[in-house]
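Have the sequence and the 3D view ready, and follow along as we go.

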Amino acid sequence: MKKLLITGANGFLGWNICRLAKGRWHLFGTVYSNQVEIPDVNTMNIDLTDHSELERLFEEVRPDAVIHTAAASDANFCQVNPDLSYRINVEASVNIALFCSDYVIPYVYTSTDLVFDGLNAPYRESDPVFPVNVYGEHKAQAEERILQAYPQATVCRMSLMFGLSGPVAKSFMQPMLLAMKEGRELNLFVNEFRTPLSAESAVAGLFLALNKVCGIIHLGGRERISRYDFGKLMQETFKFENAKIRPCKKDEIHLPAPRPADVSLDSSKAAALGFRPLPLIEELQNLYENL
Ligand SMILES: NC(=O)c1ccc[n+]([C@@H]2O[C@H](COP(=O)([O-])OP(=O)(O)OC[C@H]3O[C@@H](n4cnc5c(N)ncnc54)[C@H](OP(=O)(O)O)[C@@H]3O)[C@@H](O)[C@H]2O)c1
């Protein structure tokens, strides 16, 4: 089996890649501050912002392909820690691209819908980026510099993702599930729209893009939906009769990072390659059966 290196293997997406790719690849994963064992994955504890550790990682693993999911992925954290965000989200991501170029192996970089300003959705790959927060700015810089350094790299812009969570990282839906279960009030935006994507569909899209796509590709879910309507759909599917979901507007709640209103992605380029995320209701029903 070929060797696949997954950075951020204990993160939400990385853990789901490990879970879904085992048996098809010989898996190597990096972890950093949360040192957990992942079944069937050779995990290594690495700070990806340390160039010599990165060099050692490539020398020891000699991967056949890399999917880079490690990141400072919380936009509010990045807004107040811009230097740290730059080091992991830009510098480390570009350095990994340079190693992949040296080793002549496929490199998938996971970017985000937050490279857009949210005023002209749905967004296609050819649309100009215009980030409104530090996280989006750093992911956009990384995209550009990765493709300069290694034009054969694949930049997958992911929508907001949800699904089963690993031992440490969670998706945005887990705190919502807990609040619904406990009957705590949940304020959800009626004026913020995304094209949410299940972890299963995200992983399928990443493997479709690996080897087939040079440059940028959008991997979004098939429906544009507000946070509020997503919450209502969750409530129905997971049968939380006592959930207290309150509609609110995004300006009512102050958060450090500005939030674009609608960064829905047009994923027709991926669809042409066979990318087929399920309708949201089916994705949620599948999750309900597997929780
Ligand atoms: N989740 C979403 O809805 C979403 C949406 C759009 C795009 N994305 C993108 O998708 C990718 C995966 O996101 P995610 O939600 O799975 O992230 P996550 O759960 O926050 O995981 C982040 C991972 O990065 C690792 N990491 C952080 N700093 C590191 C460092 N200096 N050296 C090595 N590893 C480090 C963490 O390891 P430790 O925990 O061990 O420190 C963890 O494994 C990211 O590129 C993100 O920007 C995510």
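This report starts with the ligand and its surroundings and then turns to some backbone details.

## A predicted model

Keep in mind as you read that this is a predicted model.

## Who surrounds the ligand?

How many residues surround the ligand? There are 28 of them, and the closest are Asn10, Leu13, Ser33, Ser73 and Tyr135. Sorted by class, this shell has 14 nonpolar, 12 polar and 2 charged residues.

Helix H1 (12-21), strand E5 (107-112) and helix H5 (134-149) each supply at least two residues of the shell. Strand E5 gives the most, with 3 residues.

## Polar contacts with the ligand

Now zoom in on the oxygen atoms of the ligand. One polar side-chain atom of asparagine 10 lies 2.4 Å from a ligand oxygen; Asn10 is also among the closest residues listed above.

In phenylalanine 12, a backbone N or O atom lies 2.8 Å from an oxygen atom of the ligand. In alanine 71, a polar backbone atom is 3.1 Å from a ligand oxygen. How much of the ligand does the protein cover? On its own, the ligand has 910 Å² of accessible area, and the protein covers 87% of this area.

## A cis peptide bond

Next, follow the chain to the loop between E5 and H5, where you will find proline 122. The peptide bond from alanine 121 to proline 122 is cis, with omega near 0°. This deserves a second look, because most peptide bonds are trans.

Most residues other than glycine have a negative phi. You can find arginine 62 in the loop between helix H2 (51-61) and strand E4 (65-68). Its relative accessible area is 49%, so arginine 62 counts as partly exposed.

Lysine 239 also has a positive phi, of about 55°, and is not a glycine either. Look for lysine 239 in the loop between helix H8 (227-238) and strand E13 (244-248). Is lysine 239 buried or exposed? Exposed means over 50% relative accessible area, so lysine 239, at 54% relative accessibility, counts as exposed.

Terms used:
Residues are numbered from 1 along each chain as its sequence is written. This is a predicted model: local features need pLDDT of at least 70, side-chain atom pairs count only at pLDDT 80 or more; totals for chains, interfaces and linings use all residues. Side-chain values use heavy atoms; hydrogens and water are left out. A residue is near a molecule or strand if one of its heavy atoms lies within 4 Å of it. A polar contact is a pair of N or O atoms within 3.5 Å; within protein, one must be able to donate a hydrogen and the other to accept it, and residues adjacent in sequence count only if both atoms are side-chain atoms. Accessible areas come from the Shrake-Rupley method with a 1.4 Å probe; for residues, only the protein chains shown count as cover. Helices (H or I, at least four residues) and strands (E, at least two) are DSSP runs, numbered from the N terminus. Ala, Val, Leu, Ile, Met, Phe, Trp, Tyr, Cys and Pro count as nonpolar, Asp, Glu, Lys and Arg as charged, and the others, Gly among them, as polar. Buried means under 20% relative accessible area, exposed over 50%, partly exposed in between (1.4 Å probe, protein chains only).
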